[in-house]
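Subject: Handover of a structure and notes on it

Dear colleague,

Please find the structure below, together with its sequence.

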Amino acid sequence: MTSRRKTYDELRSARWYGAKDMRSFGHRSRTKQMGYSAEDYAGKPVIAILNTWSDINPCHEHFRDRAQAVKRGVLQAGGFPLEMPAMALGEVFMKPSTMMYRNLLAMEAEELLRANPIDGVVLMGGCDKTVPALVMGALSMNLPAIFLPAGPMLIGRWQGKQLGSGSDVWKYWSELRAGNITEEDWQGIEDGISRSAGTCMTMGTASTMAAVTEAMGLSLPGASSIPAVDSAHERMAAASGRRIVELVWQDVRPRDLVTQAAVDNGITTLMAIGGSTNAVIHLVAMAGRAGIKLPLEHFDKISRQTPFLANIRPSGKYLMEDFCYAGGLPALLRQLGSLLELGAPTVNGKSLGENIARAEIYNDDVIRTRNQALQPEGGLAVLKGNLAPNGAVIKPPAMEQRLLRHRGPAVVFSDYNDLNRRIDDPTLEVTADSVLVLQNAGPHGAPGMPEWGQLPIPKKLLAQGVRDMVRISDARMSGTSYGACVLHVSPESYIGGPLALVQSGDIVELDVPGRKLTLAVADEELARRRARWVSPQPRYQRSYGALFDKHVGQAEIGCDFDFLAGDAAVPEPEIH
């Protein structure tokens, strides 16, 4: 970074607007066609507002209004704002998975910025995959950028109880299947669980990625914790608009901020908040766009030295509204103190340490101090063994602790349809000690690595009172989910990973403290099974699916496309 301020002639947009030729005449005249005069844009940085609003994304329902607040801030600071729609990635509705389309949004963000006269950008996202996608695209393009998170929705309510997104869906769905609540109760939960615009109000993937992005210095201090409908959120949006203009003049770019130190701060934050397992994949991909390699062992190293402090569902008791008003992310980061790289720069021009120096905890049951941590280690663990040679992840605080070390026979489902057909079959040979195994649910196999990893407990076990058991898959799991779920097993079964060779009755050993996942089958037998294994045909023959199938990587390398990873420069477009 440099302290020298740019001149107007050095801005990218000056190449479009500043020249005295016929092509620039066209740019200026067409801008006037939209009702702008020269006073609106002349001599000013052009600020893109990449808005992932859509009628099919309820998490971003308020983004139409927030875009206006961003514009207000940009105008106040002397910039020229242009709102540009980008793919919404509505988590609940898109099939087979928004993960399949994360890289497409990342490409769209990068190319929108490259192809147009843009000097800086405000990235508006929040719903799970929009956060990493926008950051990945911005890192690849490397123009001044600031991230504006959507913020969590209000706490859900039903019969005097608080409801949390996802977490209570799984909980009460099990109770409905067990016959402990009625269909009328289930309808009441449906009516009360989602009460406003905003992302899941548990520490799901959306809130996790917003917190990680703030800790990495890409959002304004405290931005990630503000509820979507709080007036402070609109003020934060306007402040983001004002700040991006200054970032352009100062020429502060995302890769100036996303260093190894910043990435480590993001991982430390992930562990301290008990965040989503999805963040591991996304952080690897984001770091890769900045040229930083991030092996899974690095996550585990940081997890072992980071206390778990955020008492938020699904690993804790409270919800994101409680977290915000208890002091929010700045208060939690201050507790981490020396575990963070406090000198890391951030988008507001101050170091991370300066931003959190005066942060206070207002409810120390929601945000624990380090000497009252929920657990001495972080919220995620990385496993390896002959069943997951390249790694797998699990969330220990969100599981029944009796299962941290477990040995049991596998019950194998060949795919998600097989799981749905047989899971509640009363003749299914399964006990509480069994290990449920789902195959063909990874990046290629599903396709798109959907959030199928919280395999349902068989109905007959629910009736016996069982509420957790070991489950293993190459799928992901919603950040709002819980249970003894081993996820992201790599290599995935669809391409011949060891998970493809597991058969019902095989003994599986899980040792979370020892970080091991083992299939107790002799190597000779596994070799015989591999010789009989037949590689399936590609699922797609055309369109984006074929591109995805050909180029997507495995979980441990972030599921990015091989031609998008890395920080190699792409030529600027010719203006002619």
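Predicted model: local features only at pLDDT ≥ 70, side-chain atom pairs only at ≥ 80, totals over all residues.

Residues are numbered from 1 along each chain as its sequence is written, and side-chain values use heavy atoms, with hydrogens and water left out.

Helix H5 and its partners

Helices (H or I, at least four residues) and strands (E, at least two) are DSSP runs, numbered from the N terminus. Helix H5 covers residues 99–115. H5 has 17 residues and reaches 25 Å from its first C-alpha to its last, close to the 24 Å expected at 1.5 Å a residue; the expected span is 1.5 Å times one less than the number of residues. Of the 17 residues of H5, 12 are buried, so this helix is largely enclosed by the rest of the structure. Here buried means under 20% relative accessible area, exposed over 50%, and partly exposed in between, with a 1.4 Å probe and protein chains only. Among the buried residues of H5 are Met 99, Tyr 101, Leu 105, Leu 112 and Arg 114.

H5 packs against helix H6 (residues 130–141) at an angle of about 40 degrees, with the axes 7 Å apart. Axes are lines fitted to C-alpha atoms, for helices over the stretch in contact, and angles run from 0 to 180 degrees between N-to-C directions. That angle makes H5 oblique to H6; angles under 35 degrees count as roughly parallel, over 145 as roughly antiparallel, 65 to 115 as roughly perpendicular and the rest as oblique. H5 passes H6 in a right-handed crossing, a term used when the near helix is turned clockwise from the far one by less than a right angle (left-handed if anticlockwise). Residues of H5 in this contact include Arg 102, Ala 109 and Leu 113, and those of H6 include Pro 132, Met 136 and Ser 140. Contact means heavy atoms within 4.5 Å. By class, the contact of H5 with H6 has 9 nonpolar, 4 polar and 3 charged residues. Ala, Val, Leu, Ile, Met, Phe, Trp, Tyr, Cys and Pro count as nonpolar, Asp, Glu, Lys and Arg as charged, and the others, Gly among them, as polar.

H5 also packs with helix H13 (residues 278–289), at an angle of about 25 degrees and with the axes 13 Å apart. H5 and H13 are therefore roughly parallel to each other, and their crossing is right-handed. On the H5 side the contact involves Met 99, Arg 102, Ala 106 and Glu 110, which meet Ile 281, His 282, Ala 285 and Arg 289 in H13. The contact of H5 with H13 comprises 4 nonpolar, 1 polar and 3 charged residues.

Helix H13

The 12 residues of H13 should span 16 Å at 1.5 Å a residue, and the end C-alpha atoms are 17 Å apart, which agrees. H13 is followed by Gly 291, whose phi is positive, near 80 degrees.

Helices H12 and H16

Helix H12 (residues 260–272) and helix H16 (residues 328–336) pack at an angle of about 100 degrees, with their axes 11 Å apart. H12 and H16 are therefore roughly perpendicular to each other. Thr 268, Thr 269 and Ala 272 in H12 meet Leu 329, Leu 332, Leu 333 and Leu 336 in H16. This contact of H12 with H16 has 5 nonpolar, 2 polar and no charged residues.

Individual residues

Val 393 lies in strand E8 (residues 388–394) and is buried, at 3% relative accessibility. Val 393 and Ala 381 are 12 residues apart in sequence and 5.7 Å apart in space, C-alpha to C-alpha. Leaving aside neighbours within four places in sequence, the contacts of Val 393 include Val 280, Ala 381 and Leu 487.

Arg 515 lies in the loop between strand E13 (507–511) and strand E14 (516–519). Arg 515 is buried, with a relative accessible area of 11%. Not counting residues up to four places away in sequence, Arg 515 touches residues including Asp 300, Glu 377 and Ala 381.

Arg 157, found in strand E5 (residues 156–158), counts as partly exposed at 45% relative accessibility.

Yours sincerely
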